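Please consult the sequence and the coordinates while reading.

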Amino acid sequence: MKSLSTPSQASGSSQGGIGAILSSDLPRAWLTAEAIAAALVLPIWTSALLQERNFGDLRGRPYDELGFDPLVMPQAPPGGESAPAFAQRVRDAFHEMLQQHAGLDGDLVVVTHGLLIRTLLAGPL
């Protein structure tokens with residue numbers, strides 16, 4: 001993955017349209033960000049703050065085999081992230097989005113994951 005870490009590293013600007021892309025560094029989001037960047041000829045900045053909630057040892061296991069819904073469990077699964085820690089990371093990610101956008105002459109496209117978006121919509125947005 002090739003990325004730019006700060007707005008000062010971005011070359012050019014869209015002059016009022018879309019100025020840059022901020023993406024989770026996980027492959028699913030990164031591939032989407034790459035497609036957008038290629039179409040719009042824009043830089044991509046990555047942030048680990050935009051990653052999906054870390055479900056630790058539950059990662060990759062079908063939910064119907066667990067006997068509970070891990071999306072609503074407040075405690076951290078083994079090796080994972082608790083809901084309160086995830087919510088704090090989402091707030092930190094939102095502040096990072098605002099900071100990145102402030103340095104642009106244009107809009108910021110954010111590419112992330114479903115649970116993070118849902119948490120943003122329930123909180124900071």
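The model is predicted: local features need pLDDT of at least 70, side-chain atom pairs count only at pLDDT 80 or more, and totals for chains, interfaces and linings use all residues. Residues are numbered from 1 along each chain as its sequence is written, and side-chain values use heavy atoms, with hydrogens and water left out.

Q: Which pattern does the protein follow when read along the sequence?
A: The protein contains three helices and three strands. These elements are DSSP runs, numbered from the N terminus: helices are H or I with at least four residues, strands are E with at least two. Read along the sequence, they give the pattern β-α-β-α-β-α.

Q: What percentage of the contacts with a separation of 6 or more joins residues 24 or more positions apart?
A: A contact here means heavy atoms within 4.5 Å. Among contacts in the protein with a separation of 6 or more, the share from residues 24 or more positions apart is 68%.

Q: What is the strand order of the open sheet?
A: Two strands pair if DSSP finds at least two bridges between them. Strand E1 (residues 18-24) pairs with E2 in the parallel sense over four bridges, and E1 pairs with E3, also in the parallel sense, over five bridges. E2 and E3 (107-111) stand at the edges with a single partner strand each, so one side of each has no neighbour in the sheet. The order of the three strands is therefore E2-E1-E3.

Q: How many of the seven residues of E1 are buried?
A: Buried means under 20% relative accessible area, exposed over 50%, and partly exposed in between, with a 1.4 Å probe and protein chains only. E1 is mostly covered. Its count of buried residues is six.

Q: What angle does the direction of H2 make with that of E3?
A: Axes are lines fitted to C-alpha atoms, for helices over the stretch in contact, and angles run from 0 to 180 degrees between N-to-C directions. H1 lies across E1, E2 and E3, running at about 165 degrees to E1. H2 packs on the sheet and touches E1, E2 and E3. The direction of H2 makes an angle with that of E3 of about 145 degrees.

Q: Against which helix do the buried residues of H3 pack?
A: In H3 (residues 114-122), Leu115, Leu116 and Leu120 are buried. Seen down the axis of H3, its buried residues fall within an arc of 140 degrees (taken from the directions from the helix axis to the C-beta atoms), so they line one face of the helix. On the other side of H3, Leu121 and Ala122 are exposed. The buried residues of H3 pack against helix H2.

Q: Is Glu96 buried or exposed?
A: Glu96 belongs to helix H2. Leaving aside neighbours within four places in sequence, Glu96 is in contact with Ser47 and Leu49. Because its relative accessible area is 17%, Glu96 is buried.

Q: Is Val41 buried or exposed?
A: Val41 lies in the loop between helix H1 (27-40) and strand E2 (44-47). Although not a glycine, Val41 has a positive phi of about 55 degrees. With a relative accessible area of 70%, Val41 is exposed.
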